[in-house]
Amino acid sequence: MAQKPSIPKGTRDFGAIEMARRNYIFDTIKSVFALYGFQQIETPAMENIGTLMGKYGEEGDKLLFRVQNSGEKAALAPEKGLRYDLTVPFARYVVQHREELSFPFKRFQIQPVWRADRPQKGRYREFYQCDVDVIGSDSLIGELELIQIVEEVYRRLGINVCLHINNRKILAGIAEVIGAPDKIVDITVAIDKLDKIGVDAVNAELKERGLTNEAVEALQPILKPTQTLPEGKENDAKAKLAELRTYLASSEIGLKGVAEMEEVFDLVESQKSKDLSAQSHFSIELDLCLARGLNYYTGAIFEVKALDAQIGSITGGGRYDNLTGIFGLPGVSGVGISFGADRIYDVLTELDLFPKELLTATQILFATFGTEELHYALRWAKELRAAGIAVEVYPEPTKMKKQMGYADAKGIPFVAIVGGDEMAQNKVMLKNMTTGEQQLVDLENLKNSTFFAR
């Protein structure tokens, strides 16, 4: 008995409806990226393992998929791995092609990535990222544009979101202030889990990672910021930043992070528009416990969460000042974000936000009673396709009930019925599958009608 076919855990097949919906997400995101002057590139699914290792922190390195060498002499070939994200391959691309690029270089990339993670809801081993980065500029206008892109993408998709923002310089300053500057990686890895495991568990992990009781106690105003802010000011960025200026008074790098955040919030405030029709809710929150465990971030860091679905982050990113340095091009700053297409898909599905017309691309099906009528329908179909109308012709003149059932199953809105009477008048009987209404229509009327306007 043949073994039942299956696919690896954490991967999925996508049928026609799923692909239509995924392309809706990709097309929406691409159209917004283009408005800001970003251009599309692609990089290989595999990278040399040396390109990937050591860029994602200890947790990330454990999730790399390694690729067995094949088709070349194993002793001579470098080990390879499937890409973990699109940012590190992008940095490699920039260095390798730097003579061909104009800086600042603005690129976007929509491709799959792979992580050897434990599959669960909203977490897959193979999934798509939609990355947008600008590299070669220190200007915080980059952060502003990314925030505007996030707002516009989710406005178009109709998803209510909150963008959480922090700065790795602030986190480095906090590590200095509590007397543990060498523990910045341990601190960020631990506090990045705050939403998942809670304050007590984070404190326990910090102690396990070697922080003293005094250092952990000094960190509590950051882990529990609402205890130090006046009532009603818990989500007030300016109030939080004012508190931080006092808390970080002895840390130069921490104060630089505060200044960067103040500038970002001032830029956002100066660009607020009252003209856009609000199809969704968008807010920004300074989140001092946001850490983003990836080691390459050096400045602003972002995460976006859907307000009406419990699924974790659906967009994330940040500023990296020297990611290209590890590939031989030091001192080049960049900032970028990644939209998690698979999680966005799950949110749109859960909230029933996909446009209904995505269910079928076909606008009209020709149903025929005989061979002569079938050839007649094929000629009409060719003309309608030339006019930009998506057409199918049922491939054999079988029972009309079967042909109508096919149209129903695919959600095709119109059926053009062709019999001897219709051919004699050089027309078709057009049936609206929603209302059941039927009318005789000639070819020119059908080509120029608004029946199929999408």
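Helix 5 (residues 141-157) lies across seven named strands: strand 5 (105-114), strand 6 (126-135), strand 7 (161-167), strand 8, strand 9, strand 10 and strand 11 (334-340). Its direction runs at about 15° to strand 11. Contact here means heavy atoms within 4.5 Å. Helices (H or I, at least four residues) and strands (E, at least two) are DSSP runs, numbered from the N terminus. Axes are lines fitted to C-alpha atoms, for helices over the stretch in contact, and angles run from 0 to 180 degrees between N-to-C directions.

This is a predicted model, in which local features need pLDDT of at least 70, side-chain atom pairs count only at pLDDT 80 or more, and totals for chains, interfaces and linings use all residues. Residues are numbered from 1 along each chain as its sequence is written, and side-chain values use heavy atoms, with hydrogens and water left out.

Eight strands form an open sheet in the order 1-5-6-11-10-9-7-8, with mixed pairing. Two strands pair if DSSP finds at least two bridges between them. Strand 1 (39-40) and strand 8 (282-286) stand at the edges. Each has a single partner strand, so one side of each is left without a neighbour in the sheet. Inside the order, strand 9 (residues 300-306) and strand 10 (residues 313-320) pair in the antiparallel sense over five bridges. Ile-301 has Gly-318 of strand 10 as its bridge partner.

Is Glu-143 buried or exposed? Glu-143 counts as buried, because its relative accessibility is 1% (buried means under 20% relative accessible area, exposed over 50%, partly exposed in between, with a 1.4 Å probe and protein chains only). Its side chain makes a polar contact of 2.8 Å with that of Arg-319. A polar contact is a pair of N or O atoms within 3.5 Å; within protein, one must be able to donate a hydrogen and the other to accept it, and residues adjacent in sequence count only if both atoms are side-chain atoms. Leaving aside residues up to four places away in sequence, Glu-143 touches Val-264, Ala-300, Phe-302, Arg-319 and Val-335.

Next come the rings. The structure holds 12 aromatic pairs. Rings of Phe, Tyr and Trp (its six-membered ring) pair if their centres lie within 6.5 Å; planes under 30 degrees apart count as stacked, over 60 as edge-to-face and the rest as tilted. Phe-33 and Phe-108 form a tilted pair, 5.3 Å centre to centre, with 50° between the planes. This pair links distant parts of the chain: Phe-33 is in helix 1 (residues 16-35) and Phe-108 in strand 5, 75 residues apart. Phe-33 is buried at 0% relative accessibility, and Phe-108 is buried at 6%. Phe-33, Phe-108, Tyr-154 and Phe-339 form one aromatic cluster. Elsewhere, the charged end of Arg-12 sits over the ring of Tyr-124, 3.6 Å from its centre. Such a charge has NZ of Lys or CZ of Arg within 6 Å of the ring centre and within 35 degrees of the ring normal.

Strand 12 (residues 364-368) and strand 13 run parallel, joined by three bridges. Leu-365 has Glu-392 as its bridge partner in strand 13.

Last, some backbone details. Most residues other than glycine have a negative phi, and most peptide bonds are trans. Asp-352 has a positive phi of about 55° although it is not a glycine. Asp-352 lies in the loop between helix 12 (341-350) and strand 12. The peptide bond from Phe-103 to Pro-104 is cis, with omega near 0°.
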